[in-house]
Amino acid sequence: MIAAEFPYWATSIFKLGMALAVVLAPAGLTVYLYLFKMVSFMQSRLGPMEAGPYGSMQLLAEVGKWAQKEDIVPERSDEFVYKAAPYVVLLSTFLLALVVPFGPGAQFVDFDTGIFFALAVSSVSVVGILMAGWASASKYSLMGGLRAAGQLIAYELPLVLAVVGVVIQAGSLNMQDIVTAQTTGEIFGWGAIGNPFIITQFVGFIIFLIAVQAELTQTPFDMPIAESELVSGYMTEYSGFRFLLFFIGEFATANIFAFLASVLFLGGWSVPPFVMDAIPGLAPEVTGLAGALNGTTGAATASFSSWFNLLGPIVMATKMLALTFIVYWVRFTFPRFREDQLQRFAWKVLIPLALINITVTGVLKVVF
Amino acid sequence: MALVPGVIKGLGVTFGEIVKTVTKGAATVQYPHEKEAPPPRARGVIALLEENCTACMLCARECPDWCIYIEGHKTLAPPRRAGGNPRSVNKLDRFDIDYALCMYCGICVDVCPFEALFWSPEYEYSEPKIADLLHDKSRLGQWMETVPEFESYEAGAEVKQKKVPRP
């Protein structure tokens, strides 16, 4: 779309700004919409109403409050590790945002194994949480950190296994190819809505959502920060700006995972083919579709209109908001699991279910 | 799997509450902008009708946290009947209620034999300085304007004839 070449520093600064926007803007939006407003409506109250119109500036006020607070480091703590831990958690969030496609060209890095990279770096936050728990020199933090590590590792597996079904169906680990496969796909020869994998991979979608909920330590799975027994788990000793970093990490990661889920299951930045056909100049030129359907070659390749680089982020934001609504809806509805129930649910329910899903998907992929 | 219907029902409850709040409004009130009218007998603040007070100290002695301070002196009042002797009455010098201590039990209002203390539903009298919560008798007297007219506790009961007719 833009033919001009930009110098390296200009693109770098642009990418840096976009990375901050991609991580922080949706986090602020969902925290306001869901954490402040939706949960208030659930409890028959209005939530923040004073800061800005309908309390929309409340989050800025909160950030200002946190930024002013003293940054307390416990005396017996391992100071360097303690101070570095929130950044490690946030690093995982930014690394996750790298591979999320917001349009055919609107992506930071287009790895061939994009989803593999995403699932790998999402585990980095475990290291940060363990660092926080261990370095705080507090029993609560240590227990919270250990619980978090156990939980995140347990739910990493169903998360990965749920994605495997999608990858089998799309025939590619590349995020763009997964979007293309859903847009150009057909359900028994009917291609009006493409083939969003939420239909064929519904079990995988549910497992993915549950696993994401656990990965984010959102409420039914918030054993690591169970306030009735662990004060605030691995975050107990943190205050001020470093607590804010944990907070941003938690909610920004929720959005990035929602972005990932919308790419994997809801068709990503693309819109259904019947919408594209209705608008002139939007329909993609598909090549290699026949091969993809026969299963002889890899995924179909399609060249999309570059308008999708503008339209895509809006479509993605819509899908992200719908998915995060579910995440926060569940979060504010259910009480938390007990530790043993939580582990049993992962190992005895989700993982076998995901394995069955993979098997069935593989068999059907061969049959059709 | 047996838990799935309960899980869905729970989601329905919270979603229903969202819909209810959006369509019918919240159960809460945006306090500084809109105020709930307290019920007429709400225990907001205690008002003093100075003419009725005889400085008998009953309220001060019954007060559980000793937040009422009374000082008075004896003085002569004009006779009630023509040609009578001047009466000896107690004149209030000081009647303070420390609302920083008051626990709003209402015992002083109950024990007052001369109908000098009343409950008022006013509640907005917080102060930046705690010492300002000590209301003196003029401040307590001003609250009398806010005491609502409501049915007496024994509405319809036989009215006791007072020995000494009051004007």
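Does B:Arg87 count as buried or exposed? With 11 C-beta neighbours inside 10 Å, B:Arg87 counts as exposed. A residue is buried if 20 or more other C-beta atoms lie within 10 Å of its own, exposed if 12 or fewer, and partly exposed in between, with C-beta atoms placed from the backbone.

## Basis of the model

This is a predicted model, in which local features need pLDDT of at least 70 and side-chain atom pairs count only at pLDDT 80 or more, while totals for chains, interfaces and linings use all residues. Residues are numbered from 1 along each chain as its sequence is written, and chains are lettered from A and ligands numbered from 1 in the order in which they are written.

## Chain B: layout

Chain B has four helices and five strands. Their order from the N terminus is α-β-α-β-β-α-β-β-α. Helices (H or I, at least four residues) and strands (E, at least two) are DSSP runs, numbered from the N terminus.

Of the 167 residues in chain B, 13% are buried. Contacts here require C-beta atoms, placed from the backbone, to lie within 7 Å. Among contacts in chain B between residues at least 6 apart in sequence, 73% join residues at least 24 apart.

## Chain B: strands

An open sheet of three strands has the order S2-S3-S5 in chain B, with antiparallel pairing. Two strands pair if DSSP finds at least two bridges between them. S2 (68-77) and S5 (134-135) of chain B are the edge strands; each has a single partner strand, so one side of each lacks a neighbour in the sheet. S2(B) and S3 (residues 87-98) of chain B run antiparallel and are joined by ten bridges. B:Ile68 faces B:Ile97 in S3(B).

B:Arg87 belongs to strand S3 of chain B. B:Arg87 lies ten residues from B:Ala77 in sequence and 5.0 Å from it in space, C-alpha to C-alpha. Leaving out residues up to four places away in sequence, B:Arg87 touches B:Leu76, B:Ala77, B:Pro79 and B:Arg80.

S1 (residues 45-48) of chain B is covered on both faces. B:Val45 and B:Ala47 are buried on one side, B:Ile46 and B:Leu48 on the other. Four bridges link S1(B) to S4 (residues 117-120) of chain B, and the two run antiparallel. B:Leu48 stands opposite B:Leu117 in S4(B).

## Chain A: helix packing

In chain A, helix H11 (residues 240-265) packs on helix H14 (residues 308-331) at about 115 degrees, with axes 8 Å apart. Axes are lines fitted to C-alpha atoms, for helices over the stretch in contact, and angles run from 0 to 180 degrees between N-to-C directions. The residues that meet include A:Ala254, A:Phe259 and A:Ser262 in H11(A), and A:Met316, A:Lys319 and A:Val327 in H14(A). This contact of H11(A) with H14(A) holds eight nonpolar, three polar and one charged residue. Ala, Val, Leu, Ile, Met, Phe, Trp, Tyr, Cys and Pro count as nonpolar, Asp, Glu, Lys and Arg as charged, and the others, Gly among them, as polar.

## Nonpolar cores

The largest nonpolar core has 96 residues. Such a core is a set of buried Ala, Val, Leu, Ile, Met, Phe, Trp, Tyr and Cys residues joined through C-beta atoms within 7 Å. A:Ile178, A:Phe208, A:Ala211, A:Leu260, A:Ala261 and A:Leu264 touch the most other members. H11(A) gives the most to this core, with 15 residues. Beyond four places in sequence, A:Leu264 touches A:Val163, A:Val166, A:Ile178 and A:Phe197. A second, separate core of 19 residues includes B:Ala47, B:Ile70, B:Cys112 and B:Leu117.

## Individual residues in chain A

A:Gln151 sits in helix H6 of chain A. A:Gln151 is buried, with 24 other C-beta atoms within 10 Å. A:Gln151 and A:Glu339 are 188 residues apart in sequence, yet 8.8 Å apart in space, C-alpha to C-alpha.

Most residues other than glycine have a negative phi. A:Ala137 has a positive phi of about 55 degrees. A:Ala137 lies in the loop between H5 (124-135) and H6 (139-170) of chain A, and is partly exposed, with 14 other C-beta atoms within 10 Å. A:Thr217 has a positive phi of about 50 degrees. A:Thr217 lies in the loop between H9 (202-215) and H10 (227-230) of chain A, and is buried, with 25 C-beta neighbours inside 10 Å.

## Between the chains

Contacts between the chains involve 13 residues of chain B and eleven residues of chain A. The chain B side has six nonpolar, five polar and two charged residues.

Conventions:
Two residues are in contact if their C-beta atoms, placed from the backbone, lie within 7 Å.
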